[in-house]
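Welcome! Take a look at the protein below, and then we will walk through it topic by topic.

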Amino acid sequence: MDWDNLRYFLELSRAGKLTAAARRLGVDHTTVARRLQALEKSLDVQLFLRGTGGYSLTEAGRVLLPQVEAMESAFSAIEKTREDQQESLSGHVRIGATEGYGVMLLAPQLAEFAKRYPNLGIDLLAVPRMVHLSRREADIVITLERPERGPFIITRLTDYVLRLYASNDYLACHAPIRSREDLRAHSFVSYIDDLLYSKELFYLDEIGKPLHIALRSTSILAQQQATAAGAGIAILPSFAADTDVRLRCILGEQIAFTRTFWMLMPIELKDIARMKTAWSFLRERANASQALLMGQSSKE
């Protein structure tokens, strides 16, 4: 049953007139009438008698009224609890994440989180290196590798997909790419091997080393910018590259790399309200971003 329809029923029972109920609800009177008809149809019962003096409740309406008022009270209590929680959450939460995920997804998501909890301070460490819980660099960390041991709460946050990308200008000036074998003759943009902070970043080993690396960087976002400027082909996370109109996905149906983000928090922080709230929010937003993370909108 639609709560909005019940809310319209409640206002009309109090106001007695469509126009007055509509004014209270901030809608047109025809909307109130339509909502009432939908409610009566769903219940298969008449709730109001329409007369020259306005609307009065039928016996069925009088039976329904206290039940809807109880629902209204319960809803108001829930809203008050939520508002009180928002006001009471204070202090700081520091979140560490890989650079790409931190900048492209977490930054706008945490802006929303900050609006929800205005008394809470949020630090975002979005860096091209490991953020260490053991050194107290952050309270919650999103990382590429699951630690084998440690006093941590650990969850598999989400998988994500990476694909090959290049600029239209680069592709127009170089030999066509129709298969994996064609890649070897092309220039690539990639990481600096001896400065890689995770074994999960050795993507090129999975397709064979190209003959030429045109540009290397520790930063995935720097790699994306260089690729968009025509430096070569790069393996980029789809959640970053698919929204970049300067880039085109290459061999999207043939080559894709799947990696996993893990989320960690020290066990001793798990019962602190602001930490639990941040943890739940990050999981919620990762779940809501699955299409983007899994490259379901990738360009070919």
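The C-alpha centres of domain 1 and domain 3 lie 59 Å apart. The protein chain is assigned domain 1 (3-84), domain 2 (91-159 + 260-294) and domain 3 (161-257), with bounds that come from an automatic or database domain assignment.

**How to read the values**
- This is a predicted model, where local features need pLDDT of at least 70 and side-chain atom pairs count only at pLDDT 80 or more, while totals for chains, interfaces and linings use all residues.
- Residues are numbered from 1 along each chain as its sequence is written, and side-chain values use heavy atoms, leaving out hydrogens and water.

**Two residues with positive phi**
- Most residues other than glycine have a negative phi.
- Asp44 has a positive phi, near 55 degrees, and sits in the loop between helix α3 (29-43) and strand β1 (48-51).
- Helices (H or I, at least four residues) and strands (E, at least two) are DSSP runs, numbered from the N terminus.
- Leu251 also has a positive phi, near 50 degrees, and its loop runs between β10 (247-250) and β11 (257-266).

**Buried or exposed?**
- Asp44 is exposed, with a relative accessible area of 71%, whereas Leu251 is buried at 7%.
- Buried means under 20% relative accessible area, exposed over 50%, and partly exposed in between (1.4 Å probe, protein chains only).

**A look at Thr155**
- Thr155 belongs to strand β6 (residues 152-167) and counts as buried, at 12% relative accessibility.
- Not counting residues up to four places away in sequence, Thr155 touches Phe261, Trp262, Met263, Trp279 and Arg283, where contact means heavy atoms within 4.5 Å.
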